[in-house]
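Please keep the sequence and the structure in view while reading.

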Amino acid sequence: MAMESSILKSPNLFSPSFGVPSIPDLFSSTSPISSLNLRSHNHRTSPLTSAGNFRISCSLADSSPLPPNSPRRRPDYIPSRISDPNYVRIFDTTLRDGEQSPGATLTSKEKLDIARQLAKLGVDIIEAGFPAASKDDFEAVKTIAETVGNTVDENGYVPVICGLSRCNKKDIETAWEAVKYAKRPRIHTFIATSDIHLKYKLKKSKEEVIEIARNMVRFARSLGCEDVEFSPEDAGRSEREYLYEILGEVIKAGATTLNIPDTVGITLPSEFGQLIADIKTNTPGIQNVIISTHCQNDLGLSTANTLSGAHSGARQVEVTINGIGERAGNASLEEVVMAIKCRGDHVLGGLFTGIDTRHIVMTSKMVEEYTGMQTQPHKAIVGANAFAHESGIHQDGMLKHKGTYEIMSPEEIGLQRSNEAGIVLGKLSGRHALRDRLNELGYVLDDGQLSNLFWRFKAVAEQKKRVTDADLIALVSDEVFQPEAVWKLLDMQITCGTLGLSTSTVKLADSDGKEHVACSVGTGPVDAAYKAVDLIVKEPATLLEYSMNAVTEGIDAIATTRVLIRGDNNYSSTNAVTGESVERTFSGTGAGMDIVVSSVKAYVGALNKMLGFKEHSSTLSKIPLETNNVPA
């Protein structure tokens, strides 16, 4: 609810005789008014006591509040406009652009889990995928639209579910068939506009590209989609006047959001901010749409460019969790959101988002584990060292006042600094203590997940006097963030040394619970174990990467293993940007106090992900898409 009144030349502006409450009344503990803005007709700020023509806008605190950690109201969703000029929509493309990272293949279940977590986080738009890339991608986007896209919270929030498409009818109709089940569906279509792309990739004239863009946006609207986003690919290197022209044409055709991508990450913040400002000034009809940014990180400037674009007038920013994506990645959601939260009022003109930042850590960990893309320790906001202080000078300052060296608290992003109750987890600890510590670390698990994790925790605690936070994080990764089990490791025995070849015996259970045993020899214990697994699974794969780390110091540390494999039988999908077929790779992680057991768990996890992809693709290949006969 909002209240406005215009007051003409009053020297006693807040006198009760004018029907306006006094300043103390406005902000008393019982007043519903949460903020008051005073602006003159020429949009300049003025002292409260000066006379002139003013408009007073009062916002009431009880109107559709954001989550508890977001102090300002999320405006009602209207595709082409935002009622609050300071609100910035968060468009998350982790499931589309993020998955294009080499080795970041996600199963349909993992995509759904991440989409649900993004909804908890409060993102405005989830770009769930590129439905025309494969039938698996189509089905994943459709499932997210049907579930997450129809889950409305108590405040009326439900995320927009978006599907990407190239500028052709088949792609666009496929995208619509996938997202149309959501309460708020969106089609995002794109075509390149830079000279180098027109000449070498598209081999089309500027006029031809304008005609294609205009017709395809109009076609998307004709399907019944009222929310259409258009992106001029490589806008950062496109001719300005041509950009104004093509953007003006797609606005007339019905686009509701114009996304301006720095596709190759070449611009500096001042350049990108000026680009957004120029588009806002020179594009006909721009006042009828939302301007968006999409910044790649090739020069390490994606977050800075995104913030510069928002400061210049963009009111949607496209980001990914942990900044994953093509090449050097994208603007990081957690960095952009926390920068706006920390500096929005002071530097960015009052910008704010609807993100519940307390879910940042859990979302980051989920994406990290599911994709296998490890976050560097010094990564801003979510890195392991983000809130660590080793310098003596820094530690002294932190002990005196945390604000001396921290601009935000870890609690703001869902991370507790320390165990305030002084509880140390060990073999006598119960479920309640374990759940509390996991919550402090940012992990909110359901009863089934907690029960499975508890028995793993007890097994580790029997061998270690004290179970550390790092141990718990490794166990959560191994128990919770795992693909659906096609095969499960039951038992294994290894013999190795300097007297001969290593030998292994491995017992796996299939999805029906039937047990399978195989023996093999190899050049080492891991090689022997992997060969035994291959004899059971019978799905040829090439090991591309293998890495292992101890999560804590000491001989009794838990080992975490990550592997990356590629199936020898062709597993591929279509790249959204280039249109080329891309060979899929699959990652797996494992954790255990035995390094060989940890290694085998990681390998089996990667095989499960690959087999799940194969099984889902095989099932979908028997289901014809309604869009296969749509002319391009």
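In this predicted model, strand E13 (residues 502-510) pairs with strand E14 (residues 515-522) in the antiparallel sense, the pairing running over 8 bridges. Within this pairing, Thr503 has Val521 of E14 standing opposite. The hairpin that E13 and E14 form has 4 residues between the strands, and Gly513 there takes a positive phi near 90°.

Turning to the helices, the axes of H8 (residues 269-282) and H9 (residues 302-311) come within 8 Å and cross at roughly 35°, and the crossing is right-handed. On the H8 side the contact involves Pro269, Phe272, Gly273 and Ile276, which meet Ala304, Asn305, Ser308 and Gly309 in H9. These residues of the contact of H8 with H9 divide into 4 nonpolar and 4 polar, with no charged residue among them.

The helices named in this report span the following residues.

| Helix | Residues |
|---|---|
| H2 | 108-121 |
| H8 | 269-282 |
| H9 | 302-311 |

What surrounds Asp113, apart from its neighbours within four places in sequence? Asp113 has its place in helix H2, and, leaving those neighbours aside, Asp113 is in contact with Met366 and Tyr370. The side chain of Asp113 also makes a polar contact, at 2.8 Å, with the side chain of Lys109. Because its relative accessible area is 18%, and buried means under 20%, Asp113 counts as buried.

Conventions
Residues numbered from 1 in each chain as written. Predicted model: local features only at pLDDT ≥ 70, side-chain atom pairs only at ≥ 80, totals over all residues. Heavy atoms only, no water. Helix = DSSP H or I, 4+ residues; strand = E, 2+ residues; numbered from the N terminus. Buried < 20%, exposed > 50% of the residue type's maximum accessible area, 1.4 Å probe, protein only. Polar contact = N/O pair within 3.5 Å; in protein donor to acceptor, adjacent residues only side chain to side chain. Contact = heavy atoms within 4.5 Å. Pairing = 2+ DSSP bridges. Axes fitted to C-alpha atoms, helices over the stretch in contact; angles between N-to-C directions. Left-handed = near helix turned anticlockwise from the far one by under 90°. Nonpolar A, V, L, I, M, F, W, Y, C, P; charged D, E, K, R; others polar.
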